[in-house]
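Here are my notes on this one, for you to read with the model open. Points are grouped by feature.

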Amino acid sequence: MFFALFLYNESIMISSLTCNEWYHAAETPWLWRRMCLQKWSFCNVSQLLSDTGTHSWKAYYLRRSHLEMKMKTGRSCADYTCKSLRGHKGRVVGFEYLVGNDGCSDVWKQTPVVCSASTDGTVKAWDIHKGVNLWSSPAQSPMQDITVDPVQSVVISSDNTGTIKTWKAATGEEVACFQSGSSKTTLLSFINKDSSFLMVGTVLGSLVVLTCPALSEVSRHVVCDSFSLNLLRSSPDKKWLFTASKENLDLSPKVFYSDSVCFPAEDEDHLCHSLPVTGCCAALFLPSQPARLAVIHSDGRFNNNTLSVFDLTMKESKCKKETQAQQVASFPVALSHRSDVILEARGSSALLVTDGNHLKVYTFKGELVASFEDHLQPITALCVDSFRVVTASRDLSLRILTWRNDPEHGLTLESQYHLLGGSFRRSRGFTNVACDYSSIVGSVESVDGNDVLKAYTFDF
(Lines give C-alpha, C1' and ligand atoms only; values in the text may rest on other atoms or scores of the structure.)
Protein backbone atom coordinates (compact mmCIF):
# COMPACT_ATOMS: atom_id res chain seq x y z
CA MET A 1 0.00 0.00 0.00
CA PHE A 2 2.76 2.39 1.01
CA PHE A 3 4.78 1.46 -2.07
CA ALA A 4 1.80 2.08 -4.39
CA LEU A 5 1.17 5.49 -2.77
CA PHE A 6 4.85 6.36 -3.21
CA LEU A 7 4.72 5.51 -6.92
CA TYR A 8 1.54 7.55 -7.33
CA ASN A 9 3.07 10.64 -5.69
CA GLU A 10 6.25 10.16 -7.71
CA SER A 11 4.26 10.09 -10.97
CA ILE A 12 2.43 13.28 -9.98
CA MET A 13 5.75 15.01 -9.30
CA ILE A 14 7.19 13.86 -12.64
CA SER A 15 4.04 14.94 -14.45
CA SER A 16 4.14 18.31 -12.72
CA LEU A 17 7.80 18.81 -13.61
CA THR A 18 7.10 17.80 -17.21
CA CYS A 19 4.18 20.22 -17.48
CA ASN A 20 6.33 22.94 -15.95
CA GLU A 21 9.08 22.30 -18.51
CA TRP A 22 6.55 22.36 -21.33
CA TYR A 23 5.16 25.64 -20.00
CA HIS A 24 8.58 27.27 -19.95
CA ALA A 25 9.34 25.88 -23.40
CA ALA A 26 6.11 27.38 -24.71
CA GLU A 27 7.21 30.79 -23.41
CA THR A 28 10.55 30.65 -25.23
CA PRO A 29 10.82 33.53 -27.76
CA TRP A 30 12.83 31.26 -30.08
CA LEU A 31 9.88 28.87 -30.39
CA TRP A 32 7.36 31.63 -31.25
CA ARG A 33 9.81 33.21 -33.67
CA ARG A 34 10.28 29.89 -35.45
CA MET A 35 6.51 29.34 -35.62
CA CYS A 36 5.98 32.84 -37.09
CA LEU A 37 8.63 32.49 -39.76
CA GLN A 38 7.46 29.00 -40.73
CA LYS A 39 3.80 30.00 -41.04
CA TRP A 40 4.38 33.38 -42.70
CA SER A 41 7.66 32.86 -44.54
CA PHE A 42 6.73 35.62 -47.04
CA CYS A 43 6.81 38.26 -44.27
CA ASN A 44 10.07 39.78 -43.12
CA VAL A 45 9.01 40.78 -39.62
CA SER A 46 12.35 40.17 -37.88
CA GLN A 47 13.21 43.86 -37.57
CA LEU A 48 9.76 44.82 -36.30
CA LEU A 49 9.42 42.40 -33.39
CA SER A 50 11.18 41.92 -30.07
CA ASP A 51 11.42 38.90 -27.78
CA THR A 52 9.18 40.45 -25.12
CA GLY A 53 6.44 43.05 -24.74
CA THR A 54 3.46 44.06 -26.86
CA HIS A 55 5.27 43.43 -30.14
CA SER A 56 6.74 40.06 -29.15
CA TRP A 57 6.79 37.03 -31.42
CA LYS A 58 4.17 35.35 -29.23
CA ALA A 59 1.83 38.36 -29.31
CA TYR A 60 2.24 38.65 -33.07
CA TYR A 61 1.50 34.95 -33.65
CA LEU A 62 -1.61 34.93 -31.45
CA ARG A 63 -3.04 38.20 -32.81
CA ARG A 64 -2.39 37.37 -36.44
CA SER A 65 -3.75 33.81 -36.14
CA HIS A 66 -6.89 35.19 -34.48
CA LEU A 67 -7.35 37.77 -37.24
CA GLU A 68 -6.78 35.26 -40.03
CA MET A 69 -9.37 32.93 -38.52
CA LYS A 70 -11.91 35.77 -38.58
CA MET A 71 -11.02 36.64 -42.16
CA LYS A 72 -11.24 32.99 -43.20
CA THR A 73 -14.63 32.30 -41.62
CA GLY A 74 -16.23 35.74 -41.83
CA ARG A 75 -19.77 34.40 -41.74
CA SER A 76 -21.19 36.50 -38.93
CA CYS A 77 -21.13 40.11 -37.84
CA ALA A 78 -19.05 38.98 -34.87
CA ASP A 79 -16.17 38.38 -37.29
CA TYR A 80 -16.37 41.75 -39.06
CA THR A 81 -18.10 45.12 -39.04
CA CYS A 82 -19.60 46.73 -42.15
CA LYS A 83 -20.01 50.47 -42.73
CA SER A 84 -21.54 52.37 -45.65
CA LEU A 85 -19.50 55.45 -46.63
CA ARG A 86 -21.89 57.93 -48.22
CA GLY A 87 -21.08 61.42 -49.42
CA HIS A 88 -20.42 61.37 -53.16
CA LYS A 89 -23.16 62.80 -55.37
CA GLY A 90 -22.12 60.87 -58.44
CA ARG A 91 -20.41 57.71 -59.69
CA VAL A 92 -17.26 56.55 -57.89
CA VAL A 93 -14.65 56.26 -60.66
CA GLY A 94 -11.91 54.87 -58.42
CA PHE A 95 -10.49 54.59 -54.92
CA GLU A 96 -7.25 53.47 -53.28
CA TYR A 97 -5.84 52.84 -49.82
CA LEU A 98 -3.63 55.69 -48.68
CA VAL A 99 -2.91 54.06 -45.31
CA GLY A 100 -3.39 50.36 -44.64
CA ASN A 101 -2.15 47.32 -42.74
CA ASP A 102 -0.01 44.65 -44.35
CA GLY A 103 1.20 41.36 -42.92
CA CYS A 104 3.71 43.15 -40.68
CA SER A 105 2.13 46.50 -39.89
CA ASP A 106 -1.00 44.93 -38.43
CA VAL A 107 1.02 44.63 -35.22
CA TRP A 108 0.32 48.37 -34.74
CA LYS A 109 -3.20 48.15 -36.23
CA GLN A 110 -3.08 51.36 -38.26
CA THR A 111 -6.37 53.08 -39.02
CA PRO A 112 -6.98 52.47 -42.74
CA VAL A 113 -7.62 55.56 -44.88
CA VAL A 114 -9.16 55.25 -48.34
CA CYS A 115 -9.31 58.04 -50.94
CA SER A 116 -12.02 58.09 -53.62
CA ALA A 117 -12.89 60.18 -56.69
CA SER A 118 -16.30 60.75 -58.23
CA THR A 119 -18.08 62.23 -61.21
CA ASP A 120 -19.39 64.85 -58.78
CA GLY A 121 -15.95 66.45 -59.21
CA THR A 122 -14.65 65.76 -55.69
CA VAL A 123 -11.91 63.72 -54.06
CA LYS A 124 -12.66 62.43 -50.57
CA ALA A 125 -10.65 60.72 -47.82
CA TRP A 126 -12.33 58.24 -45.46
CA ASP A 127 -11.50 56.72 -42.07
CA ILE A 128 -12.98 53.29 -42.70
CA HIS A 129 -12.84 52.18 -39.05
CA LYS A 130 -15.06 55.06 -37.95
CA GLY A 131 -16.87 55.32 -41.27
CA VAL A 132 -16.38 59.08 -41.48
CA ASN A 133 -15.27 61.50 -44.19
CA LEU A 134 -11.95 63.14 -43.22
CA TRP A 135 -11.87 65.78 -45.96
CA SER A 136 -13.31 66.61 -49.36
CA SER A 137 -11.75 68.61 -52.18
CA PRO A 138 -13.59 71.53 -53.82
CA ALA A 139 -15.87 70.38 -56.65
CA GLN A 140 -14.50 70.66 -60.19
CA SER A 141 -15.13 68.84 -63.48
CA PRO A 142 -16.14 65.15 -63.27
CA MET A 143 -13.25 62.97 -62.11
CA GLN A 144 -11.80 60.25 -64.35
CA ASP A 145 -9.04 58.57 -62.36
CA ILE A 146 -7.31 58.57 -58.98
CA THR A 147 -4.09 57.21 -57.51
CA VAL A 148 -2.05 57.79 -54.35
CA ASP A 149 1.60 58.25 -53.45
CA PRO A 150 2.00 57.05 -49.83
CA VAL A 151 5.68 58.05 -49.75
CA GLN A 152 4.92 61.68 -50.57
CA SER A 153 1.58 61.42 -48.71
CA VAL A 154 -0.40 62.87 -51.60
CA VAL A 155 -3.49 61.93 -53.59
CA ILE A 156 -3.49 62.46 -57.37
CA SER A 157 -6.62 62.93 -59.46
CA SER A 158 -7.52 63.70 -63.08
CA ASP A 159 -10.79 65.05 -64.50
CA ASN A 160 -12.43 65.01 -67.94
CA THR A 161 -10.83 68.32 -68.95
CA GLY A 162 -7.34 66.85 -68.59
CA THR A 163 -6.58 68.65 -65.34
CA ILE A 164 -4.31 66.63 -63.03
CA LYS A 165 -3.98 67.72 -59.40
CA THR A 166 -2.12 66.59 -56.30
CA TRP A 167 -3.70 66.94 -52.84
CA LYS A 168 -2.16 66.72 -49.38
CA ALA A 169 -3.32 63.44 -47.90
CA ALA A 170 -3.72 64.82 -44.38
CA THR A 171 -5.84 67.88 -45.19
CA GLY A 172 -6.98 67.76 -48.82
CA GLU A 173 -5.15 70.99 -49.60
CA GLU A 174 -4.23 71.37 -53.29
CA VAL A 175 -0.49 71.06 -53.92
CA ALA A 176 -0.01 71.35 -57.70
CA CYS A 177 -1.88 71.34 -60.99
CA PHE A 178 -0.98 70.18 -64.51
CA GLN A 179 -2.96 70.60 -67.74
CA SER A 180 -2.47 67.46 -69.79
CA GLY A 181 -4.66 68.59 -72.68
CA SER A 182 -6.29 65.13 -72.77
CA SER A 183 -9.98 64.49 -72.18
CA LYS A 184 -9.16 61.13 -70.59
CA THR A 185 -6.05 60.01 -68.74
CA THR A 186 -4.75 56.90 -67.00
CA LEU A 187 -2.62 57.49 -63.89
CA LEU A 188 0.12 55.38 -62.31
CA SER A 189 2.13 56.42 -59.26
CA PHE A 190 5.79 55.44 -59.64
CA ILE A 191 8.92 55.57 -57.45
CA ASN A 192 12.39 55.32 -58.94
CA LYS A 193 15.65 55.80 -57.04
CA ASP A 194 13.83 57.39 -54.08
CA SER A 195 12.17 59.93 -56.39
CA SER A 196 8.41 60.02 -56.95
CA PHE A 197 6.89 60.27 -60.41
CA LEU A 198 3.47 60.13 -62.01
CA MET A 199 3.00 58.18 -65.24
CA VAL A 200 0.15 59.53 -67.37
CA GLY A 201 -1.38 57.74 -70.34
CA THR A 202 -3.30 60.11 -72.64
CA VAL A 203 -6.24 59.57 -74.97
CA LEU A 204 -3.97 60.29 -77.96
CA GLY A 205 -1.50 57.54 -77.06
CA SER A 206 1.29 59.46 -75.32
CA LEU A 207 3.10 58.57 -72.11
CA VAL A 208 3.78 61.69 -70.04
CA VAL A 209 6.16 61.45 -67.08
CA LEU A 210 5.70 64.03 -64.30
CA THR A 211 7.42 64.64 -60.99
CA CYS A 212 5.30 64.14 -57.89
CA PRO A 213 3.91 66.08 -56.13
CA ALA A 214 5.07 69.15 -58.11
CA LEU A 215 3.75 67.77 -61.47
CA SER A 216 6.61 69.12 -63.56
CA GLU A 217 6.98 67.39 -66.93
CA VAL A 218 10.08 65.19 -67.21
CA SER A 219 9.58 63.46 -70.56
CA ARG A 220 6.93 62.60 -73.17
CA HIS A 221 6.78 59.60 -75.52
CA VAL A 222 4.36 58.49 -78.23
CA VAL A 223 3.33 54.86 -77.61
CA CYS A 224 0.19 54.26 -79.71
CA ASP A 225 -0.56 57.26 -81.91
CA SER A 226 -4.27 58.25 -81.96
CA PHE A 227 -5.36 55.46 -79.60
CA SER A 228 -5.88 55.81 -75.87
CA LEU A 229 -2.96 54.66 -73.73
CA ASN A 230 -5.05 53.00 -71.02
CA LEU A 231 -2.95 50.14 -69.68
CA LEU A 232 0.03 51.02 -67.47
CA ARG A 233 1.89 48.56 -65.24
CA SER A 234 5.16 48.85 -63.31
CA SER A 235 7.47 46.05 -62.20
CA PRO A 236 7.84 45.48 -58.43
CA ASP A 237 11.45 46.75 -58.51
CA LYS A 238 10.37 49.79 -60.62
CA LYS A 239 12.91 49.08 -63.35
CA TRP A 240 10.31 48.37 -66.04
CA LEU A 241 7.16 50.11 -67.25
CA PHE A 242 4.58 48.34 -69.40
CA THR A 243 2.34 50.43 -71.70
CA ALA A 244 -0.47 49.39 -74.04
CA SER A 245 -3.81 50.36 -75.57
CA LYS A 246 -6.81 48.06 -75.31
CA GLU A 247 -8.58 49.89 -78.14
CA ASN A 248 -6.82 48.38 -81.18
CA LEU A 249 -6.13 44.67 -81.80
CA ASP A 250 -3.29 45.50 -84.24
CA LEU A 251 -1.14 47.44 -81.78
CA SER A 252 1.84 45.95 -79.94
CA PRO A 253 2.49 46.85 -76.28
CA LYS A 254 5.75 48.53 -75.36
CA VAL A 255 8.02 48.11 -72.35
CA PHE A 256 10.20 51.02 -71.19
CA TYR A 257 13.32 50.85 -69.07
CA SER A 258 12.21 53.29 -66.39
CA ASP A 259 15.54 55.12 -65.91
CA SER A 260 15.45 56.31 -69.50
CA VAL A 261 12.06 58.05 -69.09
CA CYS A 262 12.45 59.21 -65.48
CA PHE A 263 16.02 60.49 -65.85
CA PRO A 264 16.38 61.16 -69.58
CA ALA A 265 19.83 62.04 -70.93
CA GLU A 266 20.12 64.64 -73.68
CA ASP A 267 22.38 62.52 -75.87
CA GLU A 268 20.54 59.21 -75.42
CA ASP A 269 17.23 57.84 -76.69
CA HIS A 270 14.77 56.28 -74.31
CA LEU A 271 15.09 52.51 -73.97
CA CYS A 272 11.96 50.81 -75.23
CA HIS A 273 11.04 47.36 -76.54
CA SER A 274 7.94 46.41 -78.56
CA LEU A 275 6.67 42.99 -77.57
CA PRO A 276 6.04 40.54 -80.44
CA VAL A 277 2.30 40.30 -79.70
CA THR A 278 -0.77 42.37 -80.58
CA GLY A 279 -4.23 42.96 -79.16
CA CYS A 280 -3.29 43.19 -75.49
CA CYS A 281 -6.21 43.25 -73.02
CA ALA A 282 -4.45 42.58 -69.68
CA ALA A 283 -0.92 42.45 -68.27
CA LEU A 284 1.05 42.24 -65.04
CA PHE A 285 4.52 41.72 -63.61
CA LEU A 286 4.87 38.66 -61.39
CA PRO A 287 5.26 39.82 -57.76
CA SER A 288 8.28 37.67 -56.85
CA GLN A 289 10.05 37.94 -60.22
CA PRO A 290 10.22 41.65 -61.10
CA ALA A 291 11.49 41.18 -64.66
CA ARG A 292 8.87 38.58 -65.61
CA LEU A 293 5.83 39.92 -67.47
CA ALA A 294 2.55 38.11 -68.25
CA VAL A 295 0.32 39.39 -71.08
CA ILE A 296 -3.08 38.26 -72.37
CA HIS A 297 -3.33 39.06 -76.08
CA SER A 298 -5.17 38.16 -79.26
CA ASP A 299 -4.29 37.77 -82.93
CA GLY A 300 -7.44 39.66 -83.91
CA ARG A 301 -9.91 36.80 -83.69
CA PHE A 302 -12.28 37.08 -80.73
CA ASN A 303 -12.00 33.46 -79.57
CA ASN A 304 -8.23 33.08 -80.04
CA ASN A 305 -6.62 34.45 -76.85
CA THR A 306 -3.19 33.60 -75.50
CA LEU A 307 -1.36 34.21 -72.24
CA SER A 308 2.34 34.77 -72.90
CA VAL A 309 5.11 35.24 -70.34
CA PHE A 310 8.30 37.22 -71.08
CA ASP A 311 11.56 37.72 -69.21
CA LEU A 312 12.93 41.24 -69.64
CA THR A 313 16.65 41.98 -69.64
CA MET A 314 18.99 44.89 -70.32
CA LYS A 315 21.89 44.18 -72.68
CA GLU A 316 24.84 46.55 -72.43
CA SER A 317 27.84 46.88 -74.71
CA LYS A 318 30.54 49.51 -75.11
CA CYS A 319 28.49 51.34 -77.70
CA LYS A 320 24.90 51.10 -76.53
CA LYS A 321 22.24 49.64 -74.27
CA GLU A 322 19.21 47.78 -75.49
CA THR A 323 16.24 46.04 -73.91
CA GLN A 324 15.32 42.46 -74.73
CA ALA A 325 12.25 40.30 -74.11
CA GLN A 326 12.48 36.50 -74.20
CA GLN A 327 9.27 34.50 -74.28
CA VAL A 328 9.44 31.74 -71.63
CA ALA A 329 5.85 30.45 -71.67
CA SER A 330 2.70 30.66 -73.77
CA PHE A 331 -0.67 28.90 -73.57
CA PRO A 332 -4.24 29.49 -74.82
CA VAL A 333 -6.92 30.90 -72.51
CA ALA A 334 -10.61 30.59 -73.32
CA LEU A 335 -12.36 33.93 -72.82
CA SER A 336 -16.01 34.72 -73.44
CA HIS A 337 -15.84 38.31 -72.09
CA ARG A 338 -12.49 39.54 -73.39
CA SER A 339 -13.14 43.25 -72.83
CA ASP A 340 -13.60 42.74 -69.06
CA VAL A 341 -10.82 40.23 -68.38
CA ILE A 342 -8.69 40.79 -65.25
CA LEU A 343 -5.22 39.29 -64.75
CA GLU A 344 -3.51 39.04 -61.34
CA ALA A 345 -0.84 36.83 -59.78
CA ARG A 346 0.65 35.60 -56.53
CA GLY A 347 4.29 34.67 -56.12
CA SER A 348 6.02 33.35 -59.23
CA SER A 349 3.63 30.66 -60.40
CA ALA A 350 -0.05 31.33 -59.68
CA LEU A 351 -1.87 33.34 -62.37
CA LEU A 352 -5.50 34.39 -61.85
CA VAL A 353 -7.79 35.19 -64.79
CA THR A 354 -11.40 36.36 -64.60
CA ASP A 355 -13.83 35.65 -67.43
CA GLY A 356 -17.42 36.73 -66.91
CA ASN A 357 -18.47 35.20 -63.58
CA HIS A 358 -15.59 32.67 -63.63
CA LEU A 359 -12.31 32.89 -61.74
CA LYS A 360 -9.56 30.59 -63.03
CA VAL A 361 -6.17 29.77 -61.49
CA TYR A 362 -3.34 28.75 -63.86
CA THR A 363 0.22 27.72 -63.22
CA PHE A 364 3.07 29.51 -64.95
CA LYS A 365 3.14 26.68 -67.51
CA GLY A 366 -0.58 26.91 -68.32
CA GLU A 367 -2.06 24.13 -66.19
CA LEU A 368 -5.58 25.00 -64.97
CA VAL A 369 -5.48 24.07 -61.27
CA ALA A 370 -8.78 25.60 -60.09
CA SER A 371 -11.93 27.20 -61.47
CA PHE A 372 -14.67 28.95 -59.50
CA GLU A 373 -18.18 30.01 -60.49
CA ASP A 374 -19.31 31.49 -57.16
CA HIS A 375 -20.88 34.61 -58.66
CA LEU A 376 -24.16 34.83 -60.56
CA GLN A 377 -23.08 37.86 -62.62
CA PRO A 378 -19.74 39.05 -64.09
CA ILE A 379 -16.75 39.74 -61.87
CA THR A 380 -15.89 43.43 -62.05
CA ALA A 381 -12.76 43.63 -59.87
CA LEU A 382 -10.16 41.45 -58.19
CA CYS A 383 -7.89 42.05 -55.19
CA VAL A 384 -5.03 39.68 -54.34
CA ASP A 385 -2.67 39.49 -51.38
CA SER A 386 -0.55 36.82 -49.70
CA PHE A 387 -3.44 35.47 -47.63
CA ARG A 388 -6.60 35.76 -49.75
CA VAL A 389 -8.31 36.77 -52.96
CA VAL A 390 -11.41 38.99 -53.05
CA THR A 391 -13.68 39.14 -56.09
CA ALA A 392 -16.35 41.81 -56.65
CA SER A 393 -19.34 41.21 -58.88
CA ARG A 394 -22.40 42.76 -60.43
CA ASP A 395 -24.44 40.31 -58.34
CA LEU A 396 -23.83 42.69 -55.43
CA SER A 397 -21.51 40.38 -53.51
CA LEU A 398 -17.85 40.00 -52.65
CA ARG A 399 -16.40 36.50 -52.62
CA ILE A 400 -13.48 35.67 -50.33
CA LEU A 401 -11.07 32.84 -51.18
CA THR A 402 -7.93 31.87 -49.28
CA TRP A 403 -4.66 30.44 -50.55
CA ARG A 404 -3.59 26.88 -49.78
CA ASN A 405 -0.82 24.56 -50.93
CA ASP A 406 -2.06 21.57 -52.89
CA PRO A 407 0.29 18.54 -52.66
CA GLU A 408 -0.11 17.84 -56.39
CA HIS A 409 -0.55 21.25 -58.03
CA GLY A 410 1.12 23.64 -55.57
CA LEU A 411 -0.46 26.98 -54.79
CA THR A 412 -4.23 27.13 -55.33
CA LEU A 413 -7.37 28.69 -53.83
CA GLU A 414 -10.13 27.57 -51.49
CA SER A 415 -13.52 29.31 -51.68
CA GLN A 416 -14.76 30.55 -48.29
CA TYR A 417 -17.77 32.90 -48.07
CA HIS A 418 -19.71 35.88 -49.46
CA LEU A 419 -20.01 39.44 -48.20
CA LEU A 420 -23.22 41.09 -49.36
CA GLY A 421 -23.38 44.70 -50.53
CA GLY A 422 -27.01 45.65 -50.04
CA SER A 423 -30.29 45.51 -51.96
CA PHE A 424 -30.90 45.49 -55.72
CA ARG A 425 -33.72 47.95 -55.16
CA ARG A 426 -31.05 50.56 -54.44
CA SER A 427 -27.94 49.18 -56.13
CA ARG A 428 -26.68 47.69 -59.40
CA GLY A 429 -23.71 45.78 -58.03
CA PHE A 430 -20.07 46.19 -57.06
CA THR A 431 -17.81 48.04 -59.49
CA ASN A 432 -14.45 47.87 -57.71
CA VAL A 433 -12.73 46.35 -54.68
CA ALA A 434 -9.52 46.89 -52.71
CA CYS A 435 -8.21 45.44 -49.47
CA ASP A 436 -5.45 45.71 -46.96
CA TYR A 437 -4.54 42.94 -44.54
CA SER A 438 -7.47 43.47 -42.12
CA SER A 439 -10.18 45.21 -44.16
CA ILE A 440 -11.99 45.21 -47.51
CA VAL A 441 -13.55 48.18 -49.34
CA GLY A 442 -15.84 47.93 -52.35
CA SER A 443 -17.66 50.56 -54.42
CA VAL A 444 -21.35 49.94 -55.10
CA GLU A 445 -23.13 51.51 -58.07
CA SER A 446 -26.37 53.03 -56.80
CA VAL A 447 -29.65 53.26 -58.71
CA ASP A 448 -30.01 56.96 -57.82
CA GLY A 449 -26.53 57.79 -59.22
CA ASN A 450 -24.93 58.46 -55.81
CA ASP A 451 -22.48 55.59 -55.36
CA VAL A 452 -21.54 54.20 -51.94
CA LEU A 453 -18.36 52.67 -50.51
CA LYS A 454 -18.85 49.56 -48.39
CA ALA A 455 -16.12 48.99 -45.78
CA TYR A 456 -15.70 45.61 -44.05
CA THR A 457 -13.29 45.60 -41.09
CA PHE A 458 -12.05 42.41 -39.42
CA ASP A 459 -11.35 43.31 -35.81
CA PHE A 460 -8.83 41.68 -33.48
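1. Start with the cavity lining: for the second largest cavity, the residues split into four nonpolar, three polar and three charged. (Nonpolar here covers Ala, Val, Leu, Ile, Met, Phe, Trp, Tyr, Cys and Pro; charged covers Asp, Glu, Lys and Arg; the others, Gly among them, are polar.) The lining is made up of N357, L359, F372, E373, D374, H375, I379, T391, R399 and L401. A cavity is a set of points on a 1 Å grid over the protein atoms alone where a 1.4 Å probe fits but cannot get out, and lining residues have an atom within 4 Å of a point.

2. Before going further, a caveat: this is a predicted model, where local features need pLDDT of at least 70, side-chain atom pairs count only at pLDDT 80 or more, and totals for chains, interfaces and linings use all residues. Residues are numbered from 1 along each chain as its sequence is written, and side-chain values use heavy atoms, with hydrogens and water left out.

3. Back to that cavity: its volume is about 50 Å³. Volume means the space filled by probe spheres set on the points, with grid points joined across faces, edges and corners. There are two cavities of 30 Å³ or more.

4. Next, an open sheet of four strands, ordered β14-β15-β16-β17 with antiparallel pairing. Its edge strands, each pairing on one side only, are β14 (231-234) and β17 (272-274). Neighbouring strands are turned by 20° against each other on average, direction ignored. Strands (E, at least two residues) and helices (H or I, at least four) are DSSP runs numbered from the N terminus, and two strands pair if DSSP finds at least two bridges between them. Inside this sheet, β15 (residues 240-244) and β16 (residues 254-257) run antiparallel and are joined by four bridges. Look for F242, which stands opposite V255 in β16.

5. Another open sheet of four strands runs β1-β32-β31-β30, again with antiparallel pairing. Six bridges link β31 (residues 439-446) to β32 (residues 452-457) in the antiparallel sense, and S443 has L453 in β32 as its bridge partner.

6. How do helices α2 and α3 cross? The axes of α2 (residues 29-39) and α3 (residues 57-73) come within 8 Å and cross at roughly 40°. (Axes are lines fitted to C-alpha atoms, for helices over the stretch in contact, and angles run from 0 to 180 degrees between N-to-C directions.) That makes α2 oblique to α3, since angles under 35 degrees count as roughly parallel, over 145 as roughly antiparallel, 65 to 115 as roughly perpendicular and the rest as oblique. The crossing is left-handed, meaning the near helix is turned anticlockwise from the far one by less than a right angle.

7. Finally, two backbone spots to check. Most residues other than glycine have a negative phi, and most peptide bonds are trans. The peptide bond from C212 to P213 is cis, with omega near 15°; P213 is in the loop between β12 (206-211) and β13 (217-222). S153 is not a glycine, yet has a positive phi of about 55°, and sits in the loop between β6 (143-149) and β7 (154-159).

Technical notes
On a 1 Å grid over the protein atoms alone, a cavity is a set of points where a 1.4 Å probe fits but cannot get out, and a pocket is an open set with protein on both sides within 12 Å along at least five of seven lines; lining residues have an atom within 4 Å of a point.
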